[in-house]
Amino acid sequence: MTLKELLNDDKLRPHKTSARELADLLKVAERDLADAAIAGLSTDRRFTIAYNAILQLSTMIIYAQGYKTHGAAHHFTTFEALKVILPGEYKELIAYFDSCRGKRNVSDYDRSGSISQKDADEILTEAVQFKKLVLNWLNTNYPKLYSFNNTK
């Protein structure tokens, strides 16, 4: 699927972002990364919180490209858009995030205790690495939007 197809299907809409908006999303992601690292939380919650950090970081990329997801299934749309925006070398990472979307849905809506310790630890590790990737991508591709210069 292309960004044009997502636009035509009304899954994406044009969006003009700002460095401030991206900084705010980054703060949400950083809060979620910190919360997902709290050992006393259930594995379900840790997983879901780390997943949300990934979703916010992904949204930063989509916003920088000039789009915003719209309508139902916006998590799905987020990862479809990432497949187009990020280079092919990130195909497996995006597929992993999309599989986490399914696990998160089960955990949030269907069944408690469906997330293992390994799953929770793995998604947190991937989320922390993804934050670095996103910040580097923004700095390289949209330095004016990266002017908040948060390099944590």
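Predicted model: local features only at pLDDT ≥ 70, side-chain atom pairs only at ≥ 80, totals over all residues.

Colleague: How many helices and strands does the chain have?
Modeller: The chain has six helices and two strands, and their order along the sequence is α-β-α-α-β-α-α-α. These elements are DSSP runs numbered from the N terminus: helices are H or I with at least four residues, strands are E with at least two.

Colleague: What radius of gyration would a compact globule with 152 residues have, and what does the chain have?
Modeller: The globule rule, for a radius taken over C-alpha atoms, is 2.2 Å times the number of residues to the power 0.38. For 152 residues this gives a value near 15 Å, and the chain has 15 Å, so the two agree. Along the principal axes, the C-alpha atoms fill a box of roughly 40 × 35 × 25 Å.

Colleague: Why is the pair of tyrosine 51 and phenylalanine 79 called edge-to-face?
Modeller: Rings of Phe, Tyr and Trp (its six-membered ring) pair if their centres lie within 6.5 Å; planes under 30 degrees apart count as stacked, over 60 as edge-to-face and the rest as tilted. By this rule there are five aromatic pairs. In the pair of tyrosine 51 and phenylalanine 79, the centres are 6.2 Å apart and the planes stand at 65 degrees, so the pair is edge-to-face. Tyrosine 51 lies in helix α3 (residues 43-64) and phenylalanine 79 in helix α4 (residues 74-85), so that the pair links parts of the chain 28 residues apart.

Colleague: Are tyrosine 51 and phenylalanine 79 buried or exposed?
Modeller: Buried means under 20% relative accessible area, exposed over 50%, and partly exposed in between (1.4 Å probe, protein chains only). Tyrosine 51 has 1% and is therefore buried; phenylalanine 79, also with 1%, is therefore buried. Both belong to one aromatic cluster, which also includes Tyr96, Phe97 and Phe130.

Colleague: What makes the pair of tryptophan 137 and tyrosine 142 tilted?
Modeller: The centres of these two rings are 5.5 Å apart and their planes are at 50 degrees, so the pair of tryptophan 137 and tyrosine 142 is tilted. Tryptophan 137, at 11% relative accessibility, counts as buried, whereas tyrosine 142, at 24%, counts as partly exposed.

Colleague: How do you know whether threonine 78 is buried or exposed?
Modeller: Threonine 78 has 1% relative accessibility and therefore counts as buried. This residue is in helix α4. Leaving aside neighbours within four places in sequence, threonine 78 is in contact (heavy atoms within 4.5 Å) with Leu55, Ser58, Ile62 and Thr69.

Colleague: What is the phi of aspartate 10 and of alanine 73?
Modeller: Aspartate 10 is not a glycine, yet has a positive phi of about 60 degrees; for alanine 73, likewise a residue other than glycine, phi is positive and near 60 degrees. Aspartate 10 is in the loop between α1 (3-8) and β1 (12-14), and alanine 73 is in the loop between β2 (67-69) and α4. Aspartate 10, at 35% relative accessible area, is partly exposed, and alanine 73, at 46%, counts as partly exposed.

Conventions:
Residues numbered from 1 in each chain as written. Heavy atoms only, no water.
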